[in-house]
Amino acid sequence: MKKISEFIWPIIGLGALVVSGYLLYRELQGLSLADVEESLKAIPAHRFLLAALSTLVAYAALAWYDRIALLHLGVRHISWLFVSVCSFTTYALSHNIGASVFSGAVVRYRAYTAKGLSAAQVAVLVALCSFTFGLGTILLGGVTLTLKPDLLTRLEGHLPGVLTNPTTAFVLGLALLGAVGLYVVGSLLHLKPLHIRSFKLEYPRPNIMGRQLLAAPLELLGAAGIIYFALPEAGNPGFLVVLAVFLASFSAALVSHAPGGLGVFELIFVLAMPEVARPQVIAALLVFRIFYFWLPFLLSVIVVVLYERSRLAEAFKRRGPPVGAAPPEPPLVAPGLDSHKIEHRLEKKAV
């Protein structure tokens, strides 16, 4: 069963990529690259700058995820710089590769074990970071569905009618906010861990919980802001709508296990933005891919190569020459000079 599980998720991810790619192709038939290029050129420079700043906010919040998890573990000796670089590299790789929990765990294990953390501590850190992201998605999802219960009608005809009903969406929004409320109460009252089959939810200290409720929404707001600023001002449905569509698209992309959510994310976004011209939506999604996925991925590869190179150099440096080994012979032997005698004299009287 374990061997089967190693193959089932990549197969599901590739299947989701193929199906969503086909559906996206059907939706974008007749769209030319020239139209998309014109839409990209039409984005003002200041909105590109705002999209870049939104990217920095998102990745800064992701670094905060790691910092919060380290505080939960009682680890305070690791610098903010190291945590930020490790977090950036982790998420930049996992966002593009897919299966973020597993691909992120490998990078974090390599980095944090070098700082003295055990494998169990790294596992808790990864789990808490994933939970923080889920908490932020639930919180913002509850807020958007409660304030705008008609949001899911944008996907009418693509989802069952029960799900797109505004009353159902409002009830779902209240349920999501209620789940977050229970988590807050459990942390404040120091309740015992909640067991759901093999899953164990241990309530963190209130100061950790409070940080989670700030960091998780901040990351999602920053990521959604990239697309919002890349969309045209004319016909822009507003930040709350963009945020809600982003949450639905990004969550579906993660569940699909498609590499980088490619195809799945774009399909839902295109379907849920009927008031914006298709070339403009695709241009905004390209900006999001470049800023949030591709540029960080290139930088993270450089970071990983430099880090592994430094670790290798340190390993060779620690090995050094064997203890008690004879000094190497000089490259040129002159008559009357014995290199071993010279070495022996130098050991007695250092120069």
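In this predicted model, helix α6 (residues 119-147) packs against α10 at an angle of about 140°, with the two axes 10 Å apart. That angle makes α6 oblique to α10. The protein as a whole has 13 helices and 2 strands, and buried residues account for 38% of its 351 residues. Among contacts between residues at least 6 apart in sequence, 70% join residues at least 24 apart.

**Packing of α6 with α10**

- The crossing in which α6 passes α10 is left-handed.
- On the α6 side the contact involves Phe-133, Thr-137, Leu-140, Gly-141, Thr-144 and Leu-147, which meet Leu-240, Leu-243, Ala-244, Leu-247, Phe-250, Ser-251 and Leu-254 of α10.
- By class, the contact of α6 with α10 comprises 9 nonpolar and 4 polar residues, with no charged residues.

**Packing of α10 with α11**

- Helix α10 (residues 239-256) also packs with α11, at an angle of about 150° and with the axes 8 Å apart.
- The two helices, α10 and α11, are therefore roughly antiparallel to each other, as the angle is over 145 degrees.
- The crossing of α10 and α11 is right-handed.
- From α10, the contact draws on Val-242, Val-245, Phe-246, Ala-248, Ser-249, Phe-250, Ala-252, Ala-253 and Ser-256, and from α11 on Val-264, Phe-265, Ile-268 and Phe-269.
- The contact of α10 with α11 holds 11 nonpolar residues, 2 polar residues and no charged residues.
- Phe-250 of α10 takes part in the contact with α6 and also in the contact with α11.

**Burial of α11**

- Helix α11 (residues 264-271) is largely enclosed by the rest of the structure, because 8 of its 8 residues are buried.
- These buried residues of α11 are Val-264, Phe-265, Glu-266, Leu-267, Ile-268, Phe-269, Val-270 and Leu-271.

- Helix α8 (residues 166-188) and helix α9 (residues 206-230) have axes that come within 9 Å and cross at roughly 155°.
- This angle makes α8 roughly antiparallel to α9.
- The crossing of α8 past α9 is left-handed.
- In α8, Val-180, Tyr-183, Val-184, Ser-187 and Leu-188 meet Pro-206, Met-209, Gln-212 and Leu-213 of α9.
- The contact of α8 with α9 is made up of 7 nonpolar and 2 polar residues, and no charged residues.
- His-190 lies in the loop between α8 and β1 (194-196).
- The phi angle of His-190 is near 55°, a positive value in a residue other than glycine.
- His-190 is exposed, with a relative accessible area of 60%, which is over the 50% cut-off.

- Phe-88 is partly exposed, with a relative accessible area of 21%, whereas Thr-89 is buried at 4%.
- Leaving aside neighbours within four places in sequence, Phe-88 is in contact with Tyr-59, Pro-296, Leu-299 and Ser-300.
- Phe-88 and Tyr-59 are 29 residues apart in sequence, and their C-alpha atoms are 6.4 Å apart in space.
- With neighbours within four places in sequence again left aside, Thr-89 is in contact with Val-107, Ser-300, Val-303 and Val-304.

**Cysteines and disulfides**

- A disulfide is a covalent bond between the sulfur atoms of two cysteines.
- The count of disulfides in the model is 0, with a pair of cysteine sulfur atoms required to lie within 2.5 Å.
- The closest cysteine sulfur to that of Cys-86 belongs to Cys-129 and is 9.2 Å away, which is too far for a bond.
- Taken from Cys-129, the closest cysteine sulfur is that of Cys-86, at 9.2 Å, again too far for a bond.
- Cys-86 is buried, with a relative accessible area of 5%.
- Cys-129 also counts as buried, at 1% relative accessibility.

How values were computed:
Residues are numbered from 1 along each chain as its sequence is written. This is a predicted model: local features need pLDDT of at least 70, side-chain atom pairs count only at pLDDT 80 or more; totals for chains, interfaces and linings use all residues. Side-chain values use heavy atoms; hydrogens and water are left out. Buried means under 20% relative accessible area, exposed over 50%, partly exposed in between (1.4 Å probe, protein chains only). Contact means heavy atoms within 4.5 Å. Helices (H or I, at least four residues) and strands (E, at least two) are DSSP runs, numbered from the N terminus. Axes are lines fitted to C-alpha atoms, for helices over the stretch in contact, and angles run from 0 to 180 degrees between N-to-C directions. Angles under 35 degrees count as roughly parallel, over 145 as roughly antiparallel, 65 to 115 as roughly perpendicular and the rest as oblique. A crossing is left-handed if the near helix is turned anticlockwise from the far one by less than a right angle, and right-handed if clockwise. Ala, Val, Leu, Ile, Met, Phe, Trp, Tyr, Cys and Pro count as nonpolar, Asp, Glu, Lys and Arg as charged, and the others, Gly among them, as polar.
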